[in-house]
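Have a look at the picture, then read on.

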Amino acid sequence: MRKALDVCSKYNAYLISLHFTLNPKGEKVFTLIYDLTESTAPIKEIAEEIEKIESISEVTLIEQQAEGFIADTASPIITAGGVRGIILRTHIWAILVNKIREKFGSGGEAILYYIGVDMGSEAAVEHKKMAEALGLREPDKITSILGASIFTSIGWGSMQIERFTLNPPYALITVYNNFECVIGPASEKPYSQLTRGLVAGYLSQLLGSEMQVNEIECLAKGDPCCRFECRATR
Ligand SMILES: [Zn+2]
């Protein structure tokens, strides 16, 4: 890769961004975005020279779609943990979350909650398998090391497990910058349904007993974070 970068700088190509990942075959894939305004050679010529480097098996060119605009159309499948994912930007996921509420009122809130429950339960099943491979057994460790870290790393919000007990089953979970409540209108009551369901489904699956989750602080109410209190259903 070093040699490829050297070729580009030799022709005055200005590196704007460099992204590295592995494809499903485990091969290294680098995506480089260059500003070629002051380049002394055409892009095809630079690509041909890079392709001659022994360690590089293939070069795919992504040309800008319009002056000043380029989208990476060469890596259309995004994966996380080996599974396909998609990226939704704020104004798009806001439609998804807010429209269900707007159209169906409290019924919509229930739909969001139960979608969250199934998502959380599915995540917990996957995390239990990962935990086994990592030698993690305690539910509090699985929740903080896998659940909270993954939730945070994929951009849903910054999750922290404040308290976790098994007897009685109880957890206090804080989410800063919760994606769901950031886009909610100012509200007098807690706004989260999807995340609340997600936490309930996750802990219920992990602990093997049904958990009830209440949002006791919420960004939409003007609190600094969303805080979820989780107890076993009586
Ligand atoms: Zn909230």
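## Starting at F151

F151 counts as buried because 24 C-beta neighbours sit inside 10 Å; the cut-offs are 20 or more other C-beta atoms within 10 Å for buried, 12 or fewer for exposed, and partly exposed in between, with C-beta atoms placed from the backbone. F151 is found in helix 4. Helices here are DSSP runs (H or I, at least four residues), strands are DSSP runs too (E, at least two), and both are numbered from the N terminus.

Before going further, a word on what you're looking at: this is a predicted model, where local features need pLDDT of at least 70, side-chain atom pairs count only at pLDDT 80 or more, and totals for chains, interfaces and linings use all residues. Residues are numbered from 1 along each chain as its sequence is written.

Back to F151. Leaving out neighbours within four places in sequence, F151 is in contact with W156, G157 and M159, where contact means that the C-beta atoms, placed from the backbone, lie within 7 Å. F151 and A123 are 28 residues apart along the chain, and their C-alpha atoms are separated by 10.0 Å.

## Two domains

The protein chain is split into domain 1 (2-82) and domain 2 (88-232), with bounds that come from an automatic or database domain assignment. Taken over C-alpha atoms, the centres of domain 1 and domain 2 are 38 Å apart.

E51 counts as exposed because it has 12 C-beta neighbours inside 10 Å. Setting aside neighbours within four places in sequence, E51 is in contact with I56 and V59.

## Where helix 3 meets helix 4

How do helix 3 and helix 4 cross? The axes of helix 3 (residues 90-134) and helix 4 (residues 139-153) come within 10 Å and cross at roughly 105°. That makes helix 3 roughly perpendicular to helix 4. Axes are lines fitted to C-alpha atoms, for helices over the stretch in contact, and angles run from 0 to 180 degrees between N-to-C directions. Under 35 degrees counts as roughly parallel, over 145 as roughly antiparallel, 65 to 115 as roughly perpendicular, and the rest as oblique.

At the meeting point, H127, M130 and A131 of helix 3 face I142, L146 and G147 of helix 4. Sorted by class, this contact has 4 nonpolar, 2 polar and no charged residues. Nonpolar covers Ala, Val, Leu, Ile, Met, Phe, Trp, Tyr, Cys and Pro, charged covers Asp, Glu, Lys and Arg, and the others, Gly among them, are polar.

## The largest nonpolar core

Which residues touch the most other members of the largest nonpolar core? Of its 29 residues, they are I173, V199, L203 and C230. A nonpolar core is a set of buried Ala, Val, Leu, Ile, Met, Phe, Trp, Tyr and Cys residues joined through C-beta atoms within 7 Å. Helix 3, helix 4, strand 6 (170-176), helix 6 (194-207), strand 7 (211-217) and strand 8 (226-232) each give two or more residues to this core. Helix 6 supplies the largest share, 7 residues.

Not counting residues up to four places away in sequence, V199 touches G120, I173, V213, F228 and C230. L206 is found in helix 6, and counts as buried with 25 C-beta neighbours inside 10 Å. Again leaving aside neighbours within four places, L206 is in contact with A124, P139, I142 and T143. L206 and A124 are 82 residues apart in sequence but 6.0 Å apart in space, C-alpha to C-alpha.

## Loops worth a look

The loop between strand 5 (158-165) and strand 6 holds P168, and the peptide bond from N167 to P168 is cis, with omega near 5°.

N12 has phi near 65°, a positive value in a residue other than glycine. N12 lies in the loop between helix 1 (2-10) and strand 1 (14-22), and counts as partly exposed because it has 13 C-beta neighbours inside 10 Å. N177 is not a glycine, yet has a positive phi of about 60°. N177 is in the loop between strand 6 and helix 5 (179-182).

Technical notes: Two residues are in contact if their C-beta atoms, placed from the backbone, lie within 7 Å.
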